[in-house]
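Here is a short briefing on one model. Please look at the sequence and structure below before reading on.

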Protein chains: 2
Amino acid sequence: MSTAAPRTAGPDHLWSVDEHLADILATVRPLEPIELNLLDAQGCVLVEDVTVPVSLPPFDNSSMDGYAVRVADVAGASEQYPAALEVVGDVAAGQADLLHVGPGQAARIMTGAPLPPGAETVVPVEWTDGGLGEGPADGMRARSLAPEGATGQVLVHRPAGPRAHVRAKGSDVRAGDRALEAGTVLGPPQISLLAAIGRGTVRVRPRPRVVVLSTGSELVQPDEELRSGQIYDSNSFALTAAARDAGAIAYRVGAVADDAATLRDTIEDQLVRADLVVTTGGVSVGAYDVVKEALSYTADEDEPGSGVEFRRIAMQPGKPQGFGSVGPDHTPLLALPGNPVSSYVSFELFVRPAIRTLMGLTDVHRPRVRARLTADRALTSPKGRRQFLRGRYADGTVTPVGGAGSHLVAALAQANALIVVPEDVESVAPGTETEVVLLG
Amino acid sequence: MSTAAPRTAGPDHLWSVDEHLADILATVRPLEPIELNLLDAQGCVLVEDVTVPVSLPPFDNSSMDGYAVRVADVAGASEQYPAALEVVGDVAAGQADLLHVGPGQAARIMTGAPLPPGAETVVPVEWTDGGLGEGPADGMRARSLAPEGATGQVLVHRPAGPRAHVRAKGSDVRAGDRALEAGTVLGPPQISLLAAIGRGTVRVRPRPRVVVLSTGSELVQPDEELRSGQIYDSNSFALTAAARDAGAIAYRVGAVADDAATLRDTIEDQLVRADLVVTTGGVSVGAYDVVKEALSYTADEDEPGSGVEFRRIAMQPGKPQGFGSVGPDHTPLLALPGNPVSSYVSFELFVRPAIRTLMGLTDVHRPRVRARLTADRALTSPKGRRQFLRGRYADGTVTPVGGAGSHLVAALAQANALIVVPEDVESVAPGTETEVVLLG
């Protein structure tokens, strides 16, 4: 694995949130498209304009269960003076060999079945006696009860104009029409349309594969015994879940001890299945900040464009961040701080947009709204840093949950929004309208 | 496989949309809970109140990289008159054997590391010379560069009050606190909290397994050759995608020909992996309506509570619907009409709420809003039927896409909302405020 020297502004630069995000979004590129089976492409972005190859419906067909007849044969028909027609057989959906309907004849026809030659219109079964000679019918007898199909005579009680209850060939889409444009996100209705026009595979940008690993010799797996000085690893679980939520295929590697060689080996091993690597912890100014130590190490200076830069961002929480790329394919890597709330906020602000950029989405950010602050007292925020407080948003108001401390993972679980306090604001009074990021 | 006679109102009853939905929601029960690994429980509903077993953080720890000292030793320290302390070693995160900090001493301490005995407060490294004797430091030397740890002397330039930069044991959550309540949906922040308190598994209602099959002898797989009278199967793709979107694990069986025995065998085979069966097609009044034929057949009348009832619903599209249960476990089954738009609208209105009820969610419906109709001319709607038109919603207005015809799958792919026209309304003028279902 190779990393290289920082690419940009130098270690003393204090980055704004917007500068850091802009650098990430300018660097991360959408993944190369691949051809996927339709259901594997759900949620993905189409990269081709899809043209309709064959008109839908591909043939004139009945929109009702009834009888295919000639218009003249049912003109003037009424319940008192029904038209009596000879039933020449059934036309079922999917039937290839069609009857011919001549003068004085009718074919029993099912919804979706092709209008047979000679027939000009369809009368619904409810407008007939269903061939039973017993007044208006409310349906047909199931084929299991009369497997030979329809024969005999049908009485038609109402007239029908030309092409009544007929869905015309091409009335939904026509061959040559644009079905979907490149850039469309494939949800169920789009998948429906693609299947309907016969597309079993489509060219899309795949879901990014995101490898999530946490670092820290103090970290223990949940359900294991907690010894003195240890805490449970929560970041690798939270960010794996969050990466999936953003649309990625996420792989949780789990906690790596604070040893630079181990961390480098682990990342190198994982690169084979990574479109993006996310680490937590080890990015600050301590002597055991192993992510910084491992990835700042310049092993291979002749790989231009590689390297992870560790930065201070003018924000709270989340001041220390790393961003860059690793390995021969310059796989992007985001190194987040280790505190659970800091890493989660950092994920929302930086990793989620990166994942959605990899997917080829144009709308990569969480929605933001203005909301009125409901609180007992003013929020305070350090000058020169953009603060993200956890809050609950509802109906145009937002209420902080927990305090400003970055370790309040319990409060985070109650939050559905981040309250944004700009860099130049040090106090926000109750009732003030503030910007809020909705966490969905 | 056994089915039985209809359970309710008889074949002549015209059901309202609300009656049909109420019957479904009164019948479908949330799935039995199971214990799942944390990441497998993402998106699921918790069925237990989770109590915090151990306080977080579990011990007093440092919130900064710096030096653990006694308050008296740094009182009055300044850049001009720094306090000189003997560095007795490192305290790293996860370290179990702790140094003792005596008078005149300091331990180099990392973020998250336990406050060592004897120390009363933490001074950040930026308030010291970092042990290098060269004025204020901006960080520590990586352990790789000084593997012996901190020794020698550190100069402290600022005083610190008791327990400064110390995160107190239990300041996030306390043992015995309620972490999460039964009924909580587990998103990334809740997974974060559960991992943080050491829960590797949780008791949740699992995702329902939904088997989707379409019926129709006219149906061909996408990418295959379309012969005379045939169309492509789109419903099984669309509804599989929609079921996943609703939170289910969906299995697409694909198209079954119009033969009752084949259909019954197929459903029976699939029951082993089904919490819910969804079929499309074959529910109307035609002679080849195989779903109706196969499932109305009463093979085993001594299994009370089984049976699928076929109904007419006062709606457009989607008038014919079937609902009931099949098999020895009374697996719920919804039989939707075969037209792609009808089946999709039916899914949104009836199947999605059923899936979300199986998941144990309380909020099972799509959000609804009021929107102003933007259209060239009035919308017309049949009296006595609730109409669902496809529309595009944006900023408080909704515009119809495509016409009222139920076969316009192309228009459906452009829609993001359903426009609801009530039963007693036959015309909706442009500018009218109408109810809209947001398709998300």
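Which residue is the bridge partner of L213(B) in β18(B)? The partner is T279(B). The model is predicted. The notes below cover the strand that holds this residue pair's neighbours, then the interface between the chains.

**Strand β14 of chain B**

- Strand β14(B) spans residues 209–215.
- Of its 7 residues, 6 are buried, so the rest of the structure largely encloses β14(B).
- β14(B) pairs with strand β18(B), residues 276–280, in the parallel sense over 5 bridges.
- In β17(B), A255(B) stands opposite S214(B).

**Interface of chain A and chain B: extent**

- Each chain supplies residues to the contact: 83 from chain A and 83 from chain B.
- The two chains bury about 6,600 Å² between them.
- Carbon and sulfur atoms account for 60% of that area.

**Interface of chain A and chain B: polar links and make-up**

- Between the chains, 24 residue pairs are in polar contact, counting pairs with both residues at pLDDT 80 or more.
- The number of salt bridges found across the interface is 0.
- On the chain A side, the elements giving two or more residues are β12 (178–180), α3 (188–196), β16 (231–232), α4 (235–245), α7 (340–358) and α8 (409–412).
- Helix α3(A) gives the largest share of that side, 8 residues.
- The chain A side that touches chain B has 42 nonpolar, 22 polar and 19 charged residues.

Conventions:
Residues numbered from 1 in each chain as written. Chains lettered and ligands numbered in written order. Predicted model: local features only at pLDDT ≥ 70, side-chain atom pairs only at ≥ 80, totals over all residues. Heavy atoms only, no water. Contact = heavy atoms within 4.5 Å. Buried area = accessible area lost by both parts, 1.4 Å probe. Salt bridge = Lys/Arg side-chain N within 4 Å of Asp/Glu carboxyl O. Polar contact = N/O pair within 3.5 Å; in protein donor to acceptor, adjacent residues only side chain to side chain. Helix = DSSP H or I, 4+ residues; strand = E, 2+ residues; numbered from the N terminus. Nonpolar A, V, L, I, M, F, W, Y, C, P; charged D, E, K, R; others polar. Buried < 20%, exposed > 50% of the residue type's maximum accessible area, 1.4 Å probe, protein only. Pairing = 2+ DSSP bridges.
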